[in-house]
Amino acid sequence: MATEESLMDKIHDHDSSSSSDSEHEKPESPSALKAKIYRLFGREKPVHKVLGGGLPADVFLWRDKKLSAAVLGVATAIWVLFELVEYHFLSLVCHILIFALAALFLLSNAHAFMNKTPPKIPEINVKEEHFLLIASALRNELNQAFVTLRSIALGRDLKKFLMVVVGLWVISVVGNWFNFLTLIYICFVVLHTVPMLYEKHEDKVDPVAEKTLKELKKHYMVFDEKVLSKLPVASLKAKLG
């Protein structure tokens, strides 16, 4: 009888200790679990923030379906006019200005003939700050691109050199398939579809992208070991450095 009581006491002590241990072991918060999830391109912000936020991100992610559809429809109409109908850009601008000026001219004279106040035509003043901001951003990007190209030309980064060569080759191949306007339209359609689809299915896309990236890194390590490591880049760096 005493042995049974001692056995029950041991079981009770074990259960109490295990319950106390489980109380001390707090489950990880959802934010901690979410932080461990791999995200495409190593992003830490939502897709809306990655696209810059504001109205452009809302358009690309179809937050306002009417506005997004209108923007895509206008882009499609422009592509059809210039590519399929073979309308010229300068002719289109001139015809739009002729129609707009003629309509405003007739409307102003009609109001004057009927002794009504002329229509209010807003004054358009382009601010200098906007152009300066655009020019400054473009200058920074160009300077960064020239720095990268210079470092590649000096042979300091073989990985970037290969990436740039492959990227330029892909662009040249794609450029043979489409003209410039069609290529811009395709990029515009991609921006209107891919981010929206990715945001909806990012939990399924990110694991696949992680596996793909790991495989690419394995292949690159093999290529680096068998090919790149045997190139006389180290001696060239020493001479240039």
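This passage describes the fold, surface and side-chain contacts of a predicted protein model.

Read from the N terminus, the order of elements is α-α-α-α-α-α-α-α-α-α-α. The chain has 241 residues, and buried residues account for 12% of them. The accessible surface amounts to about 20,100 Å². Carbon and sulfur atoms contribute 69% of that surface. Contacts across the sequence were also counted. Among contacts between residues at least 6 apart in sequence, 56% link residues at least 24 apart.

The structure contains zero of them.

Salt bridges number three in the model. One of them pairs Glu199 with Arg63, with the closest N and O atoms 2.6 Å apart. Glu199 belongs to helix α9, whereas Arg63 sits in the loop between α4 (54-60) and α5 (65-84); the pair therefore ties together parts of the protein that are 136 residues apart in sequence. Both partners are partly exposed. Glu199 has a relative accessibility of 25%, and Arg63 has a relative accessible area of 45%.

The C-alpha atoms of Leu197 and Leu61 are 8.4 Å apart in space, although the two residues are 136 places apart in sequence. Leu197 is partly exposed, at a relative accessible area of 45%.

Glu210 pairs with Lys214, and their closest N and O atoms are 3.8 Å apart. Both residues lie in helix α10 (residues 202-226). They are four residues apart, or about one turn of the helix. Glu210 is partly exposed, with a relative accessible area of 29%. Lys218 and Glu215 also meet through their side chains, at 3.9 Å from N to O. These two residues are in helix α10 as well, three residues apart, again about one turn of the helix. The relative accessible area of Lys218 is 52%, and a residue over 50% is exposed, so Lys218 counts as exposed. Glu215, at 41%, is partly exposed.

A nonpolar patch was found on the surface. Its members are Trp177, Phe178, Ile186, Val190 and Val194. Together they present about 460 Å² of accessible area. Helix α9 (residues 180-200) supplies the largest share of the patch, namely three residues. Val194 is located in helix α9. The relative accessible area of Val194 is 45%, which means that the residue is partly exposed.

Side-chain contacts with the backbone were seen at two further sites. The first topic is Ser151, a residue of helix α7 (residues 128-153). A polar atom of the Ser151 side chain lies 2.7 Å from the backbone oxygen of Thr148. With residues up to four places away in sequence left out, Ser151 touches Arg156 and Asp157.

The other topic is His111, which lies in helix α6 (residues 89-113). A polar atom of the His111 side chain is 2.8 Å from the backbone oxygen of Leu107. Beyond its neighbours within four places in sequence, His111 is in contact with Lys116, Thr117, Pro118 and Pro119.

Note on methods. Residues numbered from 1 in each chain as written. Predicted model: local features only at pLDDT ≥ 70, side-chain atom pairs only at ≥ 80, totals over all residues. Heavy atoms only, no water. Patch = residues over 30% accessible without salt bridge, like charges linked within 9 Å, V, L, I, M, F, W, Y side chains within 5 Å. Areas by Shrake-Rupley, 256 points an atom, 1.4 Å probe, with all protein chains shown as cover. Salt bridge = Lys/Arg side-chain N within 4 Å of Asp/Glu carboxyl O. Buried < 20%, exposed > 50% of the residue type's maximum accessible area, 1.4 Å probe, protein only. Disulfide = S-S within 2.5 Å. Polar contact = N/O pair within 3.5 Å; in protein donor to acceptor, adjacent residues only side chain to side chain. Contact = heavy atoms within 4.5 Å.
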